[in-house]
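Dear colleague,

Please find below the structure that I am handing over to you.

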Amino acid sequence: MERVVGIGGWFVRASDPEALRAWYRDVLGMELDQYGSWTTEHGPTVFAVFEADSDYLGPRTQQSMMNLRVRDLDAMLAQLRAAGADVDDEVQDMDGVGRFGWVTDPEGTRIELWQPA
């Protein structure tokens, strides 16, 4: 059986694509080339499915949520706050899994930040 070997991309709609690309580059530090290609560090990727009425992903109109791995969650959250980003006050610790925080991008998309254990 042929298998999927990784995530090849994440595609989003935006009212101002250039501004949103700049936000991901300038605020989250994602180095994107002219085509949006971004080379990530080796690490785990989680594919999780939630109940339709779950509030975990943000507003019910948001059907999916991107989870981005970070090295230092506290430093990333401080950087986001300093940039004026909409950062959730809650941080969750999950034994053996890591720490989680959330930010909402300028288009209203909730993003999870994960510092693996």
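Strands here are DSSP runs of E with at least two residues, numbered from the N terminus.

This is a predicted model, in which local features need pLDDT of at least 70 and side-chain atom pairs count only at pLDDT 80 or more, while totals for chains, interfaces and linings use all residues. Residues are numbered from 1 along each chain as its sequence is written, and side-chain values use heavy atoms, leaving out hydrogens and water.

S1 pairs with strand S5 (residues 110-116) in the parallel sense over four bridges; pairing requires that DSSP finds at least two bridges between two strands. Within this pairing, Asn-67 stands opposite Glu-112 of S5.

Glu-112 is also one of the residues in contact (heavy atoms within 4.5 Å) with Gly-101. Leaving aside neighbours within four places in sequence, Gly-101 contacts Leu-73, Glu-90, Ile-111, Glu-112 and Leu-113. Gly-101 belongs to strand S4 (residues 98-104) and is buried, with a relative accessible area of 0%. Between Gly-101 and Met-65 there are 13 Å in space, C-alpha to C-alpha, and the two are 36 residues apart in sequence.

Conventions
Buried < 20%, exposed > 50% of the residue type's maximum accessible area, 1.4 Å probe, protein only.
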